[in-house]
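Hi,

Here is the model I promised to pass on.

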Amino acid sequence: MEEKNIILSVKNLEVKFKVRDRVLTAIRNVSLDFEEGKVVAIVGESGSGKSVFTKTFTGMLEVNGEVSNGEIWFEGRNLMDIKNDKGWEEIRGKKIATVFQDPMTSLNPVRTIGYQISEVIMKHQGKSKAEAKAEAIELMEKVGIKDAERRYDEYPFMYSGGMRQRIVIAIALACHPKILICDEPTTALDVTIQAQIIHLIKDLAEEYGFTTIYITHDLGVVANVADYVAVMYAGQIIEYGTVEDIFYNSKHPYTWGLLSSLPQLGLKGEELFAIRGTPPSLFEEVKGDAFAPRSNYSLKIDFEKEPPIFKVSDTHWAKTWLLDPRAPKVEPPAVITSLHERMLEMTKKGGVYGER
Amino acid sequence: MRKYILKRILRSIISVFIVVSIVIAMIFTLIPRTKVLDLDTSYRKMTGDNKTAYRFTTFEKLGYLDFVRISDICAESENPSACSVNKSAEQQAMLEKYENDGYTVEYFRNGTPYAYHDYTVFELALNFWKNLVKFDSVNFVEKTYGVTDLEKKYYIGKDENNFPAIMCSGCEYKYQVYFGHGFPFVHQNMVKLYFGISFPTKSGMHTLDVINEEQGSQKAILQTFPTGVELESPLNQMTAKYKPNVDHLDQTRFTDNYADCKSYYESPSMVETSYIFGIISLVIAYAIGLPAGMGMARNKDGIWDKLGVAIINFLIALPSLALIFFVRQIGSMVFQLPDKFPLLGFGNIKSYIAPILILSLLSLPGLMTWTRRYMIDQSNSDYVKFAKAKGLSQREIFTKHILKNAVIPIVNGIPASIILCISGALITESAFAIPGMGKMLPDAINKMNNNMVITLTFIFAALSIFSVLLGDLLMTLVDPRIQLAEKKRGSE
Amino acid sequence: MSEKVIKTTDDLDPSMFEFQRADDSASEHIAAPKYSYWGSVFRRFFSNKIAILMLIVAVTVVLFAFIQPMISGYDHMKTPNINNKSMHYIRPFKSFKYIFGTDDKGNSLFDALWSGARNSLFIAIAATFITESIGIIVGMFWGFSKKMDVVMIEIYNVLSNIPTMLIAMILVYALGAGFGQLIFALSVTSWISTAYFIRVQVMIIRDREYNLASQCLGTPTYKIILNNILPYLISIIITSVSRDVPAFISYEVALSFMGVGLGQQHASLGRMVQNYAPYMTSAPYLFWIPVITTAVISVSLYIVGQALADASDPRTHMI
């Protein structure tokens with residue numbers, strides 16, 4: 001596995017938040033490697049720690065949060081050694097860029113679009129105003145803004161939601177970052193626009209060769225663009241693998257639950273599957289497998305001891321005791337065993353993979 | 001856009017109109033008019049018919065009623081001489097006619113009748129607005145004095161200092177538009193506002209002249225008169241009004257009948273005085289308040305922020321009067337500043353320090369709170385988060401992004417600080433005995449000087465209302481998002 | 001990561017690998033820290049040391065103002081010692097009976113002070129009460145009714161742009177100096193600012209999803225106002241009250257000082273400041289004790305109000 005080119009490596013990361021005099025552990029001992037040029041999707045329900053996890057890469061945690069343990073290796077140095085904003089400015093935007101959920105509020109309402117793109121170019125590439133403008137216009141054209149020259153001096157309120165997200169992407173790419181973190185980039189957009197944006201990011205990733213990290217709870221997006229999928233639950237990655245691994249050969253009951261509850265898979269007359277209960281409180285120490293109380297497949301040991309990582313294949317691993325040789329043999333639910341066929345069927349009907 | 005501005009100006013005018021009308025109605029109906037004379041010393045000394053006549057003339061002058069003496073009544077009669085005989089049939093008929101017109105007829109002790117008509121609230125307000133604006137015209141002299149041989153024309157001439165001026169022959173004023181000393185440096189005599197007569201203080205003067213005219217003792221300056229005479233005189237030639245009869249002294253100086261001039265005085269007028277204090281203190285308040293508020297927002301929850309918030313809260317909670325006296329006391333004890341303005345007067349800079357400091361301190365807490373609040377709100381917004389993710393430094397985010405957003409509500413807040421400054425000026429000018437408009441209002445109230453109260457209400461209300469308009473218009477300059485037509489108020 | 005697979009060489013009991021179904025209640029367990037609104041309000045308020053100190057000061061002053069005049073029976077129109085020159089200008093802290101000394105007419109300044117403070121406080125509290133009650137009620141409906149908004153906005157645009165001080169002066173002048181007149185003059189226009197403030201908040205909260213949902217489910221408007229919106233406004237109302245009381249005290253003092261507040265027959269802090277201003281140099285305590293008392297009352301009430309408003313804002317309960 002030496003031939004793999006690891007761009008970012010997270011080791012034993014732990015993140016804690018202070019809330020009303022109590023401590024919440026949002027990320028519990030997570031390790032993950034990101035391969036250069038690949039698209040990694042991090043999926044999980046709200047509060048599973050997806051966003052917090054990626055925020056640590058750029059030092060953007062909220063004021064009441066801190067990384068209490070772990071290392072993040074990037075370009076030969078541990079990012080956790082950076083202590084102040086000055087140091088982070090070398091990383092943010094320049095090396096690791098982020099696209100946020102809501103394009104409506106991500107742009108400064110009283111600055112022109114052009115200003116907001118070219119200021120990054122000027123800051124990180126040290127170019128002159130005129131050079132920056134030329135490059136900004138080129139970028140705007142690249143992200144699909146027609147008549148960019150004219151629209152350069154317009155204000156965000158003159159742009160539609162989808163166009164603003166294109167601009168946000170243009171800004172993120174302005175400095176040719178190594179990694180692009182997309183934090184639910186399409187959630188706030190119309191369904192029709194979503195596919196366009198997803199494709200845009202995909203195309204640009206190929207052109208610029210950056211690594212993409214998607215944060216999403218939309219498995220449709222995942223199936224469409226990702227090379228690898230990391231499933232997060234209660235502050236941990238509980239299953240990791242290629243898209244094929246996760247969609248057709250998943251091992252963790254939580255992943256099964258997630259896949260079963262895809263609305264696309266619902267059949268007329270059949271009740272849609274839902275995972276019962278709520279995620280555990282991270283204010284208390286989680287004992288055993290965090291998903292055990294909600295699982296239909298929980299073992300006695302799940303309530304006693306945290307499962308280790310079981311390797312399924314070279315590209316696939318999961319954290320569940322079900323993979324222990326001593327565990328009883330369990331078959332995933334019927335809905336997801338036929339997942340492949342169902343998805344193909346849907347695509348045949350004229351839809352895109354992942355269209356809602 | 002232009003339509004919107006016109007609409008807003010119209011609305012502002014209507015606002016002023018409503019407020020002033022209400023004030024006129026209240027003052028003229030709720031305050032017993034006999035009280036007006038209570039403070040008049042000459043009235044107290046009078047007796048008999050003189051007293052009655054004086055009372056009615058005064059009321060007429062102040063606009064309460066229409067007072068007609070028998071001579072005026074008889075002037076309308078076909079047989080004036082018969083009418084002027086008391087109890088004659090002719091007189092009775094005329095009086096009856098007046099009674100039918102809504103007049104009340106009463107008799108002096110000597111048996112001479114007189115008639116008066118009390119104005120209703122509506123008539124009062126109507127008279128006020130009807131008489132408010134007076135335009136000067138080329139026909140003025142002919143109409144008023146029956147002089148027909150004076151040429152009627154407007155022309156561009158030169159004033160005594162050889163500045164060009166729009167001048168007029170045939171108008172009441174010789175100089176229509178001219179450059180001159182004192183704010184706002186371009187003056188005009190074409191349109192005059194008339195608010196009634198001041199009484200009992202500065203009795204007989206127009207209220208606007210009372211507050212507009214320079215104060216103190218006359219100041220003679222060396223000037224050349226149209227006749228070529230060069231001498232030191234306090235006369236302000238720019239204010240030359242037509243005088244039907246010029247005396248010998250006038251003729252030595254003036255070549256025409258425009259010889260009725262106002263004088264130069266040592267000290268600025270009440271309006272100017274209030275402006276000096278108001279504007280300087282606002283500038284200081286903004287110069288301190290904006291950077292302080294921004295600094296606090298940048299270092300939120302830091303030691304300076306906490307200290308600043310504590311000071312702001314203290315200043316807000318402290319009653320204005322207490323603040324004024326504390327600062328005045330400290331000023332006079334520690335820095336030997338005068339505790340009354342007239343002690344050193346206009347000429348000495350020491351007179352200004354304490355009042356200006358106080359006025360600034362009165363607007364400062366509001367200004368700082370809002371600035372800080374807006375900055376913090378902006379700092380928490382998504383675009384700041386994104387700017388941070390772009391790799392901009394805190395300072396860049398602050399100066400390039402937050403500042404431009406925060407300036408918008410700050411600009412919109414300018415009128416509020418002007419309004420506040422007026423309130424502050426009312427108390428501060430009274431406490432320091434500063435001869436400005438602010439002190440004039442409580443003085444006028446205490447002296448029952450109704451027309452003056454109305455005049456000042458008009459000025460303060462207009463100032464406040466138009467400053468709000470100005471704030472909104474200024475905001476359109478700094479906020480690209482505003483298409484004025486869609487917008488009602490900045491605070492929405 | 002995927003390289004280092006953990007071998008299960010531990011000696012776990014095979015029985016551990018049997019299915020066990022968790023009870024449903026466990027899966028629904030929510031263990032966020034316990035939260036009670038008023039509990040948090042009190043916890044936050046009493047964690048603020050300055051607020052506690054100011055609360056003690058404010059309570060003491062208010063109690064003194066309302067109880068002391070009843071005991072002393074002071075009436076500033078009665079001047080029993082006016083002809084006894086030795087009773088005039090007794091300096092403060094010289095005699096236990098006249099702890100703050102006596103004034104130009106031989107009256108006890110201590111008694112005069114509390115009777116004045118009572119009236120000033122009464123005026124401020126009454127004006128605040130009227131302002132807030134009318135403001136809240138009108139503001140609630142204003143925020144909900146689009147028709148009312150059209151009319152009210154016009155009235156607001158006229159009234160809010162004129163300094164309250166000017167309005168109060170003109171009104172007191174027209175109506176005559178007096179207790180009721182002053183309270184009327186202070187509250188007659190100030191309610192509209194409160195109403196506007198409430199309107200904006202109501203409009204913001206009104207359109208929140210949970211209220212729209214509630215509306216869709218058929219909850220009557222009054223219930224939405226009462227249960228969903230009013231509690232949210234508590235903090236805003238307290239902020240408003242905590243600004244109003246000191247502001248009205250300030251207005252009363254300033255107006256009375258300029259001679260356009262209360263008449264001769266009433267005692268108040270403002271009237272005292274005005275009456276004693278001529279003695280500022282000859283008997284400074286006469287002037288400064290009322291001024292300082294006014295400041296202490298205003299500042300303590302304001303800080304207590306602000307601390308309470310801060311504590312009652314649910315958003316501050318997060319951290």
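In chain A, the centres of domain 1 and domain 2, taken over C-alpha atoms, are 29 Å apart. Bear in mind that this is a predicted model. The domain assignment puts domain 1 of chain A at 6–217 and domain 2 of chain A at 232–349. Where they touch, domain 1 of chain A puts in 16 residues and domain 2 of chain A puts in 10 residues. On the domain 1 side, the elements giving two or more residues are β2 (22–35) and β3 (39–43) of chain A.

While you are in chain A, click on L107(A). You'll find L107(A) in the loop between α3 (103–106) and α4 (113–125) of chain A. Is L107(A) buried or exposed? L107(A) counts as buried, because it has 25 C-beta neighbours inside 10 Å and the cut-off for buried is 20 or more. Leaving out residues up to four places away in sequence, L107(A) touches Q116(A), P156(A), R164(A), I167(A) and V168(A), plus Y383(B) from chain B. Of those contacts, R164(A) is 57 residues away from L107(A) along the chain, yet their C-alpha atoms are separated by 7.8 Å.

Some notes on the chains themselves. Chain B has 20 helices and 15 strands, and its C-alpha atoms fill a box of roughly 100 × 55 × 55 Å along the principal axes. Of the 492 residues in chain B, 38% are buried. Among contacts in chain B with a separation of 6 or more, 62% are between residues 24 or more positions apart.

Chain C has 11 helices and zero strands. Buried residues make up 41% of the 319 residues of chain C. For contacts in chain C with a separation of 6 or more, 70% come from residues 24 or more positions apart.

One helix pair in chain C is worth a look. Helix α3 (residues 49–72) of chain C packs against helix α4 (residues 109–144) of chain C at an angle of about 125 degrees, with the axes 8 Å apart. That angle makes α3(C) oblique to α4(C), and the crossing is left-handed. From α3(C), the residues making the contact include V62(C), F64(C), F66(C) and P69(C), while W114(C), R118(C) and L121(C) are among those from α4(C). By class, this contact has eight nonpolar, three polar and two charged residues.

Most residues other than glycine have a negative phi. E184(A) is not a glycine but has a positive phi of about 45 degrees. E184(A) sits in the loop between β7 (179–183) and α8 (191–208) of chain A, and it counts as partly exposed because it has 18 C-beta neighbours inside 10 Å. The other is K87(B), also not a glycine, with a positive phi of about 65 degrees. K87(B) is in the loop between α6 (80–83) and α7 (89–100) of chain B. With 9 C-beta neighbours inside 10 Å, K87(B) counts as exposed.

Cheers

Technical notes:
Residues are numbered from 1 along each chain as its sequence is written. Chains are lettered from A and ligands numbered from 1 in the order in which they are written. This is a predicted model: local features need pLDDT of at least 70, side-chain atom pairs count only at pLDDT 80 or more; totals for chains, interfaces and linings use all residues. Helices (H or I, at least four residues) and strands (E, at least two) are DSSP runs, numbered from the N terminus. A residue is buried if 20 or more other C-beta atoms lie within 10 Å of its own, exposed if 12 or fewer, and partly exposed in between; C-beta atoms are placed from the backbone. Two residues are in contact if their C-beta atoms, placed from the backbone, lie within 7 Å. Axes are lines fitted to C-alpha atoms, for helices over the stretch in contact, and angles run from 0 to 180 degrees between N-to-C directions. Angles under 35 degrees count as roughly parallel, over 145 as roughly antiparallel, 65 to 115 as roughly perpendicular and the rest as oblique. A crossing is left-handed if the near helix is turned anticlockwise from the far one by less than a right angle, and right-handed if clockwise. Ala, Val, Leu, Ile, Met, Phe, Trp, Tyr, Cys and Pro count as nonpolar, Asp, Glu, Lys and Arg as charged, and the others, Gly among them, as polar. Domain bounds come from an automatic or database domain assignment.
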